[in-house]
Amino acid sequence: MILDCQHITKSFGTDAVLKQVSFHVEEYEKVAIVGINGAGKSTLLKIIMGELAPDEGLVTFAKDRTIGYLAQHQDFEGRRTIYEEVMEAKRDIVDMEAQIRSMEEEMRAFSGEELDALMERYHRLLDTFAAKDGYSCASEVSGVLKGLGFAEEDFGKCCAQLSGGQKTRVCLARLLVTRPDLILLDEPTNHLDIESIRWLETFLLNYKGAVILVSHDRYFMDKVVTKVVEISLHRSAVYAGNYSAYAEKAAKVREERLRAWYNQQREIHRQEEVIEKLKSFNREKSIRRAESREKMLSKVEVLEKPQEEKSEMNLTLAPSVVSGNDVLTVENLSKAYGANTLFREISFEVKRGERVALIGANGTGKTTILKILNRVVKADAGTFRLGSNVKIGYYDQEQQELHMEKTLMKEIADDYPSLTQTRIRSVLAAFLFTEDDVFKRVGDLSGGERGRLSLAKLMLSEANLLILDEPTNHLDIPSREILESALNRYEGTVLFVSHDRYFINRTATRILNLTNRCLLNYIGNYDYYMEKREAMEAAYLSGDSEVTEQGGTDDSAGKADWKARKEEQARQRKLRNRIAETEEEITDLEERLAQIEAEYAKPEVATNSARLGELHRESTELTDRLEELYKKWEELSDS
């Protein structure tokens, strides 16, 4: 065991954050800490690192083990370059190499026994240098930086000029090359693109040490972790397996606890009714029996009603009008900033009802495309046009659409002046802003709170085309699941950028991959994209005729996909019709059987043996047919 946390308790003033949290981490184990925003996950990491002292409890590390920690936000003013900053983590190897070079220079000035002694020290140092992988140090640093999304030409950039996200990636690289026995990572995927996240997954899976991570990236946790520690209502629960295994087990545990509580409450209520009834008989024996039951009831250990975190916002997305079938047409769109060409002559269409995910590495221009479509940025060349009755709702990851100086009430009221204060309060409450929260300044909100406010405005927009830029950023897992559900029920059209592969997999019906300044088209979700990407990219790079210049499938491939979708839609329609017909016939037969039962009760029928025989035969036939229909309905429903 490398780490043991026992009964960790922490409060800030009167606000309890953690209560009696206990878990342990074995060597080489990969552990995720999950919970809603504000559950205390980051606080727990800081307590483990000794940055905060617990009110109660003990954190114990195995002896002589090294620990590395990456906080959510990094803000250092280093004058080193990116490469130098990461290489600084290898200071012992850098110094050793400098000492080796110095000794090589000294050898020229020595001879005889002095040279022999120097050579002996030199070879010992070389052995130590090799044992610490000194010869691969430079390539290791370069590989980690490239894996985390830095191009080789970025290595010489000064760290002081980097954005917050870039600084976090530098700190992550510096941490990874130190190879501590235990790594603590707080939201490590926040500033990584999909390719970098996949690289980090592989790195951590093969890492010869233990890892504790806090993350909202469910796909990432599914790939990496072997144990999940849930923080809920300030307390901890430990589950073996990855995130999906945890989610399934935790849901069952919650259901079982709620069922046990309901069953016990029902039994208690029944016993109380029996006791009251016995007392009402007002006889000595019945009263004694009632008292005996009361005594037994008083000894029952009453279960507490299971509580749920107050984390679920109420999101319903509904367009005010239906758009035409052709929602968006983009033709030959190009954009560059100076010598940096983001994309050139890209073309694509979006049809009504599609949920299209635009993916690609950081810096390829995904957000720029969304801004062009929302007329925030001008394209260098090309055009786009919206279909009939299209009304756009835009979610901006930078929340530039929000006004930082306004209160939440005013932010909604100014954009939707027809809403009453009661209605505004109701909408904000649905997104977990209650009581005095509505008078907070937008600028004082956390990233997650601003995200929820943006979603509230999106819901009120009643748009039929949603353009979403990283909508899951800053949202906790329950909120992401609610957004997924809302988008899957939404009857409009969605075009979105996201690095959340779990979210993409659950919502996208089509994927556009922006790579090499062009678009590749995949008709399916993220799993389908992963299955087809290598073949598609190889075909594109080889100039295969089945891939167009814009990277989408050619007309024949597109027609084949379209035909397959139409055939599947037709099959589903036919299936729904057969189910409806079967249900209608079942209803008719049940009604006729009810009529036969009513006829049996008529006096004139009861004395008419011939009529009774007819009704019996008909009833038997209908019952047999009904049994066949029930079986058929079950088979159709399972199709």
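1. A quick definition first: a residue is called buried when its relative accessible area is under 20%. Lys457 has a relative accessible area of 10%, so this lysine is buried. Keep in mind throughout that this is a predicted model.

2. Staying with Lys457, you'll find this residue in helix 14. What does its side chain make a polar contact with? The partner is the side chain of Asp415, at 2.7 Å. Not counting residues up to four places away in sequence, Lys457 also touches Glu401, Leu402, Glu411, Ile412 and Tyr416, along with Asp415 itself.

3. Helix 14 as a whole is mostly covered, with 13 of its 15 residues buried. From first C-alpha to last, helix 14 reaches 21 Å, close to the 21 Å expected at 1.5 Å a residue. Just after helix 14 comes Glu462, which takes a positive phi of about 55°.

4. Asn464 belongs to the loop between helix 14 (447-461) and strand 15 (465-469). Is Asn464 buried or exposed? Its relative accessibility is 2%, so Asn464 counts as buried. A polar atom of the Asn464 side chain lies 2.7 Å from the backbone oxygen of Asn389. If you set aside neighbours within four places in sequence, the residues in contact with Asn464 include Pro319, Val321, Val322 and Ser323. Asn389, Val390 and Lys391 are also among them, as are Tyr490, Gly492 and Thr493.

5. Helix 15 (residues 477-489) is worth a look too. Its 13 residues should span 18 Å at 1.5 Å a residue, and the end C-alpha atoms are 19 Å apart, which agrees.

6. On to the aromatics: the structure holds 12 aromatic pairs. Take Tyr526 and Tyr529, whose ring centres are 5.4 Å apart with the planes at 50°, so this pair is tilted. Both tyrosines lie in helix 17 (residues 526-541), where they are 3 residues apart, about one turn of the helix. Tyr526 counts as buried at 1% relative accessibility, and Tyr529 is buried as well, at 2%. Together with Tyr219 and Tyr522, Tyr526 and Tyr529 form one aromatic cluster.

7. Which charged residues sit over rings? Arg169 lies over the face of Phe150, 4.4 Å from the ring centre. In another case, the charged end of Lys335 sits over the ring of Tyr337, at 4.9 Å from its centre.

8. In soluble globular proteins, nonpolar side chains tend to be buried together. Here, the largest nonpolar core has 52 residues, and those touching the most other members are Leu145, Leu172, Leu176, Leu185, Leu204, Leu213 and Met221. Helix 6 (residues 164-178) supplies the largest share of this core, 7 residues. There is also a second, separate core of 50 residues, which includes Tyr219, Ile412, Leu466 and Met536.

9. What is Leu145 in contact with, leaving aside its neighbours within four places in sequence? Its contacts are Ile82, Tyr83, Val86, Phe150, Phe155 and Ala173. Phe150 is the residue whose ring face has Arg169 over it.

10. Arg375 has a phi near 60°, a positive value in a residue other than glycine. This arginine lies in the loop between helix 11 (366-373) and strand 13 (381-386), and with a relative accessible area of 63% Arg375 is exposed. Glu435, likewise not a glycine, has a positive phi of about 50°. Glu435 lies in the loop between helix 13 (421-430) and helix 14, and counts as exposed at 64% relative accessibility.

11. Last, Glu583, which has its place in helix 18 (residues 555-600). Its relative accessible area is 35%, so Glu583 is partly exposed. How far apart are Glu583 and Gly613 in space? They are 28 Å apart, C-alpha to C-alpha, and 30 residues apart in sequence.

Terms used: Residues are numbered from 1 along each chain as its sequence is written. This is a predicted model: local features need pLDDT of at least 70, side-chain atom pairs count only at pLDDT 80 or more; totals for chains, interfaces and linings use all residues. Side-chain values use heavy atoms; hydrogens and water are left out. Rings of Phe, Tyr and Trp (its six-membered ring) pair if their centres lie within 6.5 Å; planes under 30 degrees apart count as stacked, over 60 as edge-to-face and the rest as tilted. Helices (H or I, at least four residues) and strands (E, at least two) are DSSP runs, numbered from the N terminus. Buried means under 20% relative accessible area, exposed over 50%, partly exposed in between (1.4 Å probe, protein chains only). A charge sits over a ring if NZ of Lys or CZ of Arg is within 6 Å of the ring centre and within 35 degrees of the ring normal. A polar contact is a pair of N or O atoms within 3.5 Å; within protein, one must be able to donate a hydrogen and the other to accept it, and residues adjacent in sequence count only if both atoms are side-chain atoms. Contact means heavy atoms within 4.5 Å. A nonpolar core is a set of buried Ala, Val, Leu, Ile, Met, Phe, Trp, Tyr and Cys residues joined through side-chain atoms within 4.5 Å. The expected span of a helix is 1.5 Å times one less than its number of residues.
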